[in-house]
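Notebook open, structure on screen.

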Amino acid sequence: MRNRLSLTSRYLWKYLFGEVLVTFMLGTVVFLGLMWALQSLKFFEFVVLQQVSILNIFKLSYYLAQSAITIAIPVAFLFAIIWGISRAKSEGEILALEASGVSALSIYLPILLMSLALTGLCIWLSLFIVPNGQNRLEIMLRQMGVKTVISGFKTGTFTEGFAGMIFYAEEAENDQIKRVFIYDKREPNAHFAITAQSASLKKKKDEDAITLRLADGSIHVIPKGQQEFQQKIDFDIYDVNLDINSGKGIGGWHTVPEFTYPMLIAKRKETEDSVYRIKLELELHRRFAMAFACVVFGALGYFIGLKSKKGMGSSSVVLCLLIAVIYWLGYLWATAASLSGSIPPWIGVWIPNFVFLLIPLYFARKFRLAP
């Protein structure tokens with residue numbers, strides 16, 4: 001009996017890995033493609049205005065995939081589990097395994113171990129790899145945003161993507177820009193509103209650098225802290241130098257999602273702003289919570305597959321997207337509640353996992369997998 005169970009176990013592992021692994025890899029590519037399609041509208045402007053090279057398009061796609069991989073992996077794993085288990089259930093293979101003495105818990109154990117392995121992979125990616133990809137993606141978009149301002153500047157409209165700032169000018173004559181407004185929100189502790197009566201935007205011929213010279217204006221410093229006062233600094237001439245290709249003046253700063261794990265820990269220790277600290281706490285716990293979604297989605301997909309009466313096929317894609325949207329909406333609500341101070345950050349980020357985990361736990365009791 002022991003040998004039979006051992007052989008059955010090896011067969012079960014081989015069967016489930018063969019059933020799930022290929023579908024999971026295909027699903028990861030598909031969901032990354034969907035994310036790329038959603039972002040392609042942002043890329044379209046750069047392609048039309050600047051005739052971006054094929055190499056840069058591949059770079060953008062690579063950095064986008066790198067920054068989105070930890071979101072695609074849990075959803076693709078959910079898709080693979082639902083697809084594989086529902087197909088095995090519809091063709092009677094699950095019933096055959098149960099008739100051979102293999103319990104529903106034994107069938108789930110390989111899926112659980114795969115879930116834990118993917119969780120560990122996602123934690124490593126989200127703490128060290130994804131932030132770098134996110135940073136490189138943002139740098140390229142900022143660089144292209146600066147070039148877009150030069151090649152397709154329009155007056156009377158707010159232009160986003162100018163070195164990570166919002167840019168507005170009332171009118172332009174030749175190389176002179178009149179009545180300029182710039183809103184800079186890159187710094188975590190304060191925002192800057194810059195106004196100027198005139199400005200000139202020039203690109204050096206032999207260098208990938210531009211200089212924005214502002215004249216006769218003022219800088220309004222808007223602190224994040226409620227107890228701090230706003231400041232106004234008047235100037236006659238104010239130069240903003242940006243190196244387009246190296247990213248200096250464009251990518252020399254990081255947003256919270258672009259922090260690696262050591263940077264997050266260091267920033268959390270040194271910051272005194274309570275709101276910014278909450279954002280850092282949310283980002284830190286989000287990376288672990290999103291990785292743990294592999295375990296939650298693996299269990300959820302397993303029981304959805306067992307409950308299906310026939311193979312779900314392509315409808316599993318729609319179901320996965322629906323679950324992912326509901327999960328993400330729950331995360332956004334929990335994030336807003338944490339930022340408002342209603343709940344601690346670590347609780348808010350983990351709420352969607354706790355809620356979604358109740359569903360497989362309910363079915364586990366129904367299938368007698370839990371006491």
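**Entry 1: N353**

I started with N353 and found it in helix α8, which spans residues 345-366. A reminder to myself that this is a predicted model.

Is N353 buried or exposed? I get a relative accessibility of 1% for N353, and buried means under 20%, so N353 counts as buried.

Next I asked what N353 touches. Leaving out residues up to four places away in sequence, I listed A289, F292, A293, V296 and Y327 as its contacts. I also checked A289 by C-alpha atoms: N353 and A289 are separated by 7.2 Å, although they sit 64 residues apart along the chain.

**Entry 2: α5 against α6**

I moved on to a helix pair. For any two packed helices, the description comes down to the angle between the axes and the distance between them. Here I have α5, residues 261-270, and α6, residues 274-307. I noted an angle of about 150 degrees for their packing, and their axes are 9 Å apart.

From α5 I have Y261, L264, I265, K267, R268 and K269. On the α6 side I have Y276, R277, L280, E281, E283, L284 and R287. Sorting this contact by class, I get six nonpolar and seven charged residues, with no polar ones.

**Entry 3: the whole protein**

Zooming out, I wanted the tally of elements. The protein has eight helices and six strands. Reading from the N terminus, I get the order α-α-α-α-β-β-β-β-β-β-α-α-α-α.

How much of the protein is buried? I have 43% of its 371 residues down as buried. The accessible surface comes to about 20,100 Å², and carbon and sulfur atoms hold 62% of that.

Last, I looked at contacts between residues at least 6 apart in sequence: 65% of these join residues at least 24 apart.

Technical notes
Residues are numbered from 1 along each chain as its sequence is written. This is a predicted model: local features need pLDDT of at least 70, side-chain atom pairs count only at pLDDT 80 or more; totals for chains, interfaces and linings use all residues. Side-chain values use heavy atoms; hydrogens and water are left out. Axes are lines fitted to C-alpha atoms, for helices over the stretch in contact, and angles run from 0 to 180 degrees between N-to-C directions. Helices (H or I, at least four residues) and strands (E, at least two) are DSSP runs, numbered from the N terminus. Contact means heavy atoms within 4.5 Å. Ala, Val, Leu, Ile, Met, Phe, Trp, Tyr, Cys and Pro count as nonpolar, Asp, Glu, Lys and Arg as charged, and the others, Gly among them, as polar. Buried means under 20% relative accessible area, exposed over 50%, partly exposed in between (1.4 Å probe, protein chains only). Accessible areas come from the Shrake-Rupley method with a 1.4 Å probe; for residues, only the protein chains shown count as cover.
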